[in-house]
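This briefing goes through one protein model by topic. Look at the sequence and the structure first, then read the points below.

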Amino acid sequence: MMHVAFLLLIVFTDGSSSEKVCSYQDVVDYLNLTTDSSAFKLTRPVLDHTHYTDVKLDIILFAILAVVEKTQTFIPFIWATMQWDDERISWDSDQFCGIKQITIPKEMLWKPDLFIYEMTQKDDSPQNPYMQVHSDGTVISEEDLKVVSTCYMDVHKFPFDTQKCSISIGSAIHSVDEIRLFPYSNSSRATQFTREVMKTQGEWEFLQLSITKRNFTFSDSTLYELLEYTFTMKRRPLLHVINFLLPILFFLSLDIASFFIADHRGEKLGFKVTVLLAISVLLLILNDILPSMSNKTPLIATYCIVIFALMLLSLLETILVTYLMEKDSESQEKLKLRDDWEDKQEEVKIDNCNKEEKRQSCLSCICNASDGEKQHELLPVAEEVNNSVQSRESQALLLILDELKELKELQKTLNLHFSCRQEGGKYGLRAARINKAFFIFYVITVSLFLSLIFIAWNT
């Protein structure tokens with residue numbers, strides 16, 4: 001029994017000691033990878049220099065951080081994955097306890113010198129310090145990048161515009177004979193995956209991610225290769241419509257409604273000036289949004305400028321109508337003064353006529369009294385009566401001449417009065433006609449312009 005137990009103990013002890021223990025450091029030591037070794041990170045990882053290195057690239061849009069139209073800048077946050085083969089690295093996973101991949105610092109191995117052509121600022125986001133190495137020599141490196149890139153933006157239809165911003169990735173010094181670039185995912189798969197992982201878009205709605213492969217040459221006729229990732233996105237216009245387009249439309253409606261304010265008042269002119277200044281403030285805000293250089297005039301700029309011009313024309317029309325109404329009021333005041341003066345003259349004439357009537361009545365009384373005298377007094381009284389009759393006839397002639405003069409003066413006054421009334425009515429009638437004609441022209445022009453501008457935005 002003792003011998004059997006001893007034999008069993010030996011068997012179990014040998015079985016347990018035969019189990020091999022492996023670590024990642026064993027693989028690193030086997031590959032002779034250290035941070036100080038330069039053999040693996042200075043040269044392109046091929047055994048034959050005629051072999052080119054296949055680099056597979058995958059770009060996924062994680063977030064749209066900003067789109068700045070003023071500076072033509074596109075700032076996305078992307079996930080970038082690179083995969084290539086290192087012909088100098090391989091191991092048998094069975095010899096290392098089934099280890100098929102290890103994670104090492106990026107400083108240990110050679111990496112493709114890929115960069116973004118449109119990038120204008122160095123990325124300051126935290127970097128992933130490691131990359132994966134597989135047993136067959138496949139190396140995978142993943143990066144999270146905040147890209148500040150330039151992007152040509154067509155703001156002709158702002159804020160109902162769709163922008164396409166591209167990120168071109170290629171090698172800095174290696175030509176197509178040394179490095180070949182291939183997209184890891186096609187356009188449809190990249191678009192679908194981007195929609196699934198995207199966290200924030202801001203005022204933009206992501207539509208599509210398209211991938212194209214292009215070749216180009218420099219002055220030395222060396223052919224280079226790059227992958228171009230184009231992000232198509234559409235602006236959400238609700239904020240700009242509420243904050244910009246609708247206020248201008250409301251100011252235009254107020255300007256049209258101001259035609260119903262009486263022209264002889266001063267409130268209409270001040271109201272139109274206030275509305276025009278409000279439009280000027282909105283134009284200053286628009287100047288801070290749109291870029292200073294553009295091949296086409298933005299429709300929103302045309303929208304604002306034309307409405308500003310129409311309201312300016314409306315203000316000038318109001319000034320003209322106010323001027324005509326002032327002239328009409330001045331004519332009415334002059335006419336009123338002349339009417340007062342004529343009334344005073346009429347009162348004076350009535351008083352003179354009353355005095356003449358009294359004088360004529362006295363003379364008739366004298367004649368009636370002289371007819372009742374006695375015969376012996378007739379001769380001396382007759383002589384006096386003859387003298388009085390002659391003087392009375394001369395006075396009557398003088399009165400007739402005075403009446404003719406007064407009639408001529410009255411006729412002149414009436415003609416002047418009629419001409420003043422006609423002149424005053426002419427200014428008022430002219431102002432009313434101008435106001436009515438301009439109102440019809442203004443409404444028709446505004447309706448046609450708004451219809452055309454909204455059709456241009458929607459097509």
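Helices (H or I, at least four residues) and strands (E, at least two) are DSSP runs, numbered from the N terminus. Cys97 sits in the loop between β2 and β3. The model is predicted, so local features need pLDDT of at least 70 and side-chain atom pairs count only at pLDDT 80 or more, while totals for chains, interfaces and linings use all residues. Residues are numbered from 1 along each chain as its sequence is written, and side-chain values use heavy atoms, with hydrogens and water left out.

**Disulfides**

- A disulfide is a pair of cysteine sulfur atoms within 2.5 Å, and by this rule the count comes to 2 disulfides.
- Cys22 counts as partly exposed because its relative accessible area is 22%.
- Cys97 is also partly exposed, because its relative accessibility is 40%.
- Cys151 and Cys165 form a disulfide too, with their sulfur atoms 2.0 Å apart.
- The torsion about the S-S bond of Cys151 and Cys165 is about -85 degrees, so this disulfide is left-handed.
- Here again the pair links distant parts of the chain, 14 residues apart: Cys151 is in the loop between β7 (149-150) and β8 (162-171), and Cys165 is in strand β8.
- Both Cys151 and Cys165 are buried.
- With the bonded cysteines of the protein chain numbered in sequence order, the pairing is 1-2, 3-4.

**Backbone details**

- Phe158 and Pro159 are joined by a cis peptide bond, with omega about 5 degrees.
- Pro159 belongs to the loop between β7 and β8.
- Asn32 is not a glycine, yet it has a positive phi of about 60 degrees.
- This Asn32 is in the loop between α2 and β1 (53-68), and it counts as exposed because its relative accessibility is 52%.
- Cys97 has a positive phi of about 60 degrees as well, although it is not a glycine.

**Nonpolar cores**

- In soluble globular proteins, nonpolar side chains tend to be buried together.
- A nonpolar core is a set of buried Ala, Val, Leu, Ile, Met, Phe, Trp, Tyr and Cys residues joined through side-chain atoms within 4.5 Å.
- Which members of the largest nonpolar core touch the most other members? Of its 48 residues, they are Ile102, Tyr229 and Phe231.
- The largest share of this core, 6 residues, comes from β1.
- Apart from it lies another core, of 29 residues, among them Leu290, Cys304, Ile307 and Met311.
- Cys304 counts as buried because its relative accessibility is 0%.

**Contacts of two residues**

- Contact means heavy atoms within 4.5 Å.
- Not counting residues up to four places away in sequence, Ile102 touches Tyr24, Val27, Val28, Leu31, Trp91, Met131, Gln132 and Val133.
- Ser168 is found in strand β8. Is Ser168 buried or exposed? Ser168 is buried, because its relative accessible area is 3%.
- Leaving aside neighbours within four places in sequence, Ser168 is in contact with residues including Phe115, Tyr117, Arg214 and Glu228.

**Pockets**

- On a 1 Å grid over the protein atoms alone, a pocket is an open set of points where a 1.4 Å probe fits, with protein on both sides within 12 Å along at least five of seven lines; lining residues have an atom within 4 Å of a point.
- Grid points are joined across faces, edges and corners, and a volume is the space filled by probe spheres set on the points.
- The largest pocket has a volume of about 440 Å³.
- Its lining has 21 residues, of which Met82, Leu114, Phe115, Glu143 and Leu145 lie nearest its centre.
- The elements that give two or more residues to the lining of the largest pocket are β1, β2, β4 (114-116) and β6 (138-146).
- The second largest pocket holds about 290 Å³ of space.
- Of the 14 residues that line the second largest pocket, Asp58, Ala80, Thr81, Ile140 and Glu142 are the closest to its centre.

How values were computed. Buried means under 20% relative accessible area, exposed over 50%, partly exposed in between (1.4 Å probe, protein chains only).
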